[in-house]
Amino acid sequence: MNVEQLTQKTIEHEAKLAAYGEDLKTLFAQQQDIRILTESTKDLAISVRDVATKINDMDDRLEVIEQDKRQKGFAIWQIIVSAILGGALTYLVTLALK
């Protein structure tokens, strides 16, 4: 090989090295973007977990409220039935005593 051919090969190799250098820069930038995306995904997953926990807590509290409402309704029903039966019994006793 003569000097001109060696110079041409050197220029070609330098061009390839420059292209590889740009590719490496791009890969490093993409790697950084992936790190940022991974952190964002992790933060999102933690937020979703927190929201799910809060929803479960609200479901539990709502269930307690609904049970309390049912118990109050049942207690009112018992009072009404007792009053009706008491009134009917009083009426019958009053009729029997007359």
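Arg49 is exposed, at a relative accessible area of 53%, where exposed means over 50%, buried under 20% and partly exposed in between (1.4 Å probe, protein chains only). The model is predicted, with pLDDT of at least 70 needed for local features and 80 or more for side-chain atom pairs, while totals for chains, interfaces and linings use all residues. Residues are numbered from 1 along each chain as its sequence is written, and side-chain values use heavy atoms, leaving out hydrogens and water.

Arg49 pairs with Asp50 in a salt bridge, with the closest N and O atoms 4.0 Å apart; a salt bridge is a side-chain nitrogen of Lys or Arg within 4 Å of a carboxyl oxygen of Asp or Glu. Asp50 is partly exposed, at 37% relative accessibility. By this rule there are 3 salt bridges.

Helices are DSSP runs (H or I, at least four residues), numbered from the N terminus.

Lys25 and Glu22 meet at 3.7 Å, N to O, and lie 3 residues apart in α1, about one turn. Lys25 is exposed at 55%, and Glu22 is partly exposed at 45%. Lys72 and Asp68 form a salt bridge at 3.4 Å between the closest N and O atoms; they are 4 residues apart in α1, again about one helical turn. An α-helix has 3.6 residues a turn, so residues three or four places apart point the same way.

Terms used:
Helices (H or I, at least four residues) and strands (E, at least two) are DSSP runs, numbered from the N terminus.
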